[in-house]
Amino acid sequence: MPKGVKKADLPTKICAACARPFAWRKKWERDWENVRYCSDACRAKGVSS
């Protein structure tokens, strides 16, 4: 029996900079509540308003 969770079953959020959805990643495990951007590039760009 395979371990893990299917990608479709992972929680998702919408990026604050590019407005595209992104999925949970292991490196964000302890800080998922505070993650707002999908990548370093979007974080550098910031919120587009």
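Visitor: Where is Arg 36 found?
Guide: Arg 36 sits in the loop between β2 and α1. Bear in mind that this is a predicted model.

Visitor: Is Arg 36 buried, exposed or partly exposed, and why?
Guide: Arg 36 counts as partly exposed, because its relative accessibility is 44%.

Visitor: What is Arg 36 in contact with, leaving aside neighbours within four places in sequence?
Guide: With those set aside, Arg 36 is in contact with Ile 14, Cys 15, Ala 16, Phe 22 and Val 47.

Visitor: Phe 22 came up. Which aromatic cluster is Phe 22 part of?
Guide: Phe 22 forms one aromatic cluster with Trp 28 and Trp 32. The structure holds 3 aromatic pairs. In one of them, the ring centres of Phe 22 and Trp 32 are 6.0 Å apart and the planes stand at 75°, so this pair is edge-to-face.

Visitor: Which parts does the pair of Phe 22 and Trp 32 tie together?
Guide: Phe 22 belongs to strand β2 (residues 21-23), while Trp 32 is in the loop between β2 and α1 (40-45), so the pair links parts 10 residues apart in sequence.

Visitor: Are Phe 22 and Trp 32 buried or exposed?
Guide: Phe 22 is buried, at a relative accessible area of 8%. Trp 32 also counts as buried, with 12% relative accessibility.

Visitor: Which charged residues lie over the faces of Trp 32 and Trp 28?
Guide: Lys 13 lies over the face of Trp 32, 4.6 Å from the ring centre. Over the face of Trp 28 lies Arg 25, at 5.0 Å from the ring centre.

Visitor: Changing topic: how much space lies in the largest pocket?
Guide: About 160 Å³.

Visitor: Which residues line the largest pocket?
Guide: The lining includes Arg 25, Trp 28 and Arg 36, along with Lys 27, Tyr 37, Asp 40 and Arg 43. By class, the lining has 4 nonpolar, 2 polar and 5 charged residues.

Visitor: Last one, on the backbone. What phi does Ala 19 have?
Guide: Ala 19 has a positive phi of about 65°, although it is not a glycine. Most residues other than glycine have a negative phi.

Visitor: Where is Ala 19 found, and is Ala 19 buried or exposed?
Guide: Ala 19 is in the loop between β1 (12-14) and β2. Ala 19 counts as exposed, because its relative accessibility is 55% and the cut-off for exposed is over 50%.

Note on methods
Residues numbered from 1 in each chain as written. Predicted model: local features only at pLDDT ≥ 70, side-chain atom pairs only at ≥ 80, totals over all residues. Heavy atoms only, no water. Phe/Tyr/Trp six-rings, centres within 6.5 Å; stacked < 30°, edge-to-face > 60°. Helix = DSSP H or I, 4+ residues; strand = E, 2+ residues; numbered from the N terminus. Buried < 20%, exposed > 50% of the residue type's maximum accessible area, 1.4 Å probe, protein only. Lys NZ or Arg CZ within 6 Å of the ring centre and 35° of its normal. Contact = heavy atoms within 4.5 Å. 1 Å grid on protein atoms, 1.4 Å probe; cavity = no way out; pocket = protein on both sides within 12 Å on 5 of 7 lines; lining within 4 Å. Points joined across faces, edges and corners; volume = space filled by probe spheres on them. Nonpolar A, V, L, I, M, F, W, Y, C, P; charged D, E, K, R; others polar.
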